[in-house]
Amino acid sequence: KRANQWRRWLQDVIPSLLIPYLSYIQLTSALRYTNAPGQPQQDLGVCRAGCRTRSITVACVHFDVLKEINIIACPCFPAPLQLLCHGLFPCAPVAPSLAVDLRVLEFVHLLFVHQSPNQTAWCDAVETFLDGMGYKLSCKVSFSNSHACSDA
């Protein structure tokens with residue numbers, strides 16, 4: 001299953017998103033000017049070609065809000081492309097249930113490029129930040145350890 005998913009990302013999804021991604025980067029001046037998470041996004045429309053459609057609810061992670069959106073995906077306008085048009089990157093190649101704001105991904109990318117090998121301070125900061133936002137990690141080990149935790 002993982003090999004098939006990786007193949008789909010590599011051969012289908014990523015190549016199909018390259019030009020739309022570069023267009024989005026240009027349109028938003030390198031992610032400087034995007035719609036704020038609280039503002040409604042533009043309506044991308046529904047397939048008029050008569051394709052078989054699928055309704056998908058996607059949890060979207062932004063810097064300051066976690067919200068759900070509903071999209072109608074079809075073969076000519078798949079979910080990853082629709083999410084990219086909203087400035088989000090999907091977690092799965094076909095029917096994603098989670099997407100992350102491109103600005104968040106860029107921030108995390110830069111953070112890990114510039115981060116020192118000692119990750120304890122960063123992990124403590126993330127735990128404190130999430131705690132302040134009302135998210136509690138329900139485990140006895142800290143975020144910096146590689147043990148599985150569930151959020152409450």
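A residue counts as buried when its relative accessible area is under 20%, as exposed when over 50%, and as partly exposed in between (1.4 Å probe, protein chains only). By that rule, 24% of the 152 residues of the chain are buried.

Keep in mind that this is a predicted model, where local features need pLDDT of at least 70, side-chain atom pairs count only at pLDDT 80 or more, and totals for chains, interfaces and linings use all residues. Residues are numbered from 1 along each chain as its sequence is written, and side-chain values use heavy atoms, with hydrogens and water left out.

The chain has four helices and four strands, running α-β-β-α-β-β-α-α from the N terminus. These are DSSP runs: H or I of at least four residues for helices, E of at least two for strands. Take contacts (heavy atoms within 4.5 Å) with a separation of 6 or more: 46% of them join residues 24 or more positions apart.

Now the aromatics. Rings of Phe, Tyr and Trp (its six-membered ring) pair if their centres lie within 6.5 Å; planes under 30 degrees apart are stacked, over 60 edge-to-face, the rest tilted. That gives two aromatic pairs.

| Pair | Centre distance | Plane angle and type |
|---|---|---|
| Trp 9 – Phe 89 | 5.6 Å | 15°, stacked |
| Phe 63 – Phe 107 | 5.8 Å | 70°, edge-to-face |

Trp 9 sits in helix H1 (residues 2–27) and Phe 89 in strand S3 (residues 88–90), 80 residues apart. Trp 9 is buried at 12% relative accessible area, while Phe 89 is partly exposed at 28%.

Phe 63 lies in the loop between strands S1 (54–61) and S2 (66–73), and its partner Phe 107 belongs to helix H3 (residues 102–114), 44 residues apart. Phe 63 is partly exposed at 42%, and Phe 107 is partly exposed at 45%.
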